[in-house]
Every structure is written in C-alpha cells, then in structure tokens.
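Hi,

Here is the structure I promised to send over. Have a look, and my notes follow below.

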Amino acid sequence: MAQLSNKIKEYCKESNVLNVDFLNDVKLQDDGQGAYIKEWNLNIAQPTDAQLASYETAANTAEANAQVDAARRQAYGNIGDQLDEIYHDVEAWKSRIAQVKADNPKQ
C-alpha cells in the first residue's frame, strides 16, 4: 500500500503542483489508526479519500521507481569516478551504465 504522502503528490501533479511541502502546505497526522490530512494549505481542492485511493497504483509505481533510482545511484558511483571512466574509455562506461539500467529496471 502506497504512503499517503505519495498519493497526495500524485494528486497534486494532476493540478500542476509539483512540489508539496509537508511541513507547511500539507500536514499529515497519524493517531494510530492510519495517516490522514490534518491541514491543507494548497490552492487546489483537498482530495477526498476516494480520490486519493484512485492514485494508489501511481503512488506504488513512484515508490518502486524511487527504490530503483537509489539502487542505480549507488551502482553508478560518484560523478568524479564516472568522468574519469568516460575520459579513459567512454564505450566501457556506456556499457557499464547500460548494465546498471538493465539490472535495475523501472516500472
């Protein structure tokens, strides 16, 4: 099940709100029975539970892709080492990066 914050981000994207500040724009709370929206300070309508539920799949995909991105960043190595690798053998670098992407596919 996707996190409420990710469902909210997906909902907001539909209205071209690409950055949501969860300290000021939207405040979430969990009193032990699941997270809910405590405060909504965006200039778009607050979503209903049913609207948020409709973003479950998109939010699950975003969460899975975030894990893939983290794995790829780890496997790519730091930018300095990559630039050195490119300078010495760009084809080997291209091959290594393609393998990292193949090993860590996005949904």
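Tyr76 touches Gln82, Arg96, Ile97, Val100 and Lys101, leaving out residues up to four places away in sequence; contact here means heavy atoms within 4.5 Å. Tyr76 and Lys101 sit 25 residues apart in sequence, with 9.5 Å between their C-alpha atoms.

Before I go on: this is a predicted model, where local features need pLDDT of at least 70 and side-chain atom pairs count only at pLDDT 80 or more, while totals for chains, interfaces and linings use all residues. Residues are numbered from 1 along each chain as its sequence is written, and side-chain values use heavy atoms, with hydrogens and water left out.

Tyr76 belongs to helix H3 (residues 56–76). Helices (H or I, at least four residues) and strands (E, at least two) are DSSP runs, numbered from the N terminus. Buried residues of H3 include Ala64, Val68, Arg72 and Tyr76, buried being under 20% relative accessible area (exposed is over 50%, partly exposed in between; 1.4 Å probe, protein chains only). Among the elements covering the buried residues of H3 are helix H1 (4–13), helix H2 (49–53) and helix H4 (79–103). After H3 comes Gly77, with a positive phi near 85°.

Of its 13 residues, Ile8, Cys12 and Trp40 touch the most other members. H1 and strand S2 (35–40) each supply at least two residues of this core, and H1 gives the most, with four.

Cheers

Definitions and conventions
Core = buried A, V, L, I, M, F, W, Y, C linked by side-chain atoms within 4.5 Å.
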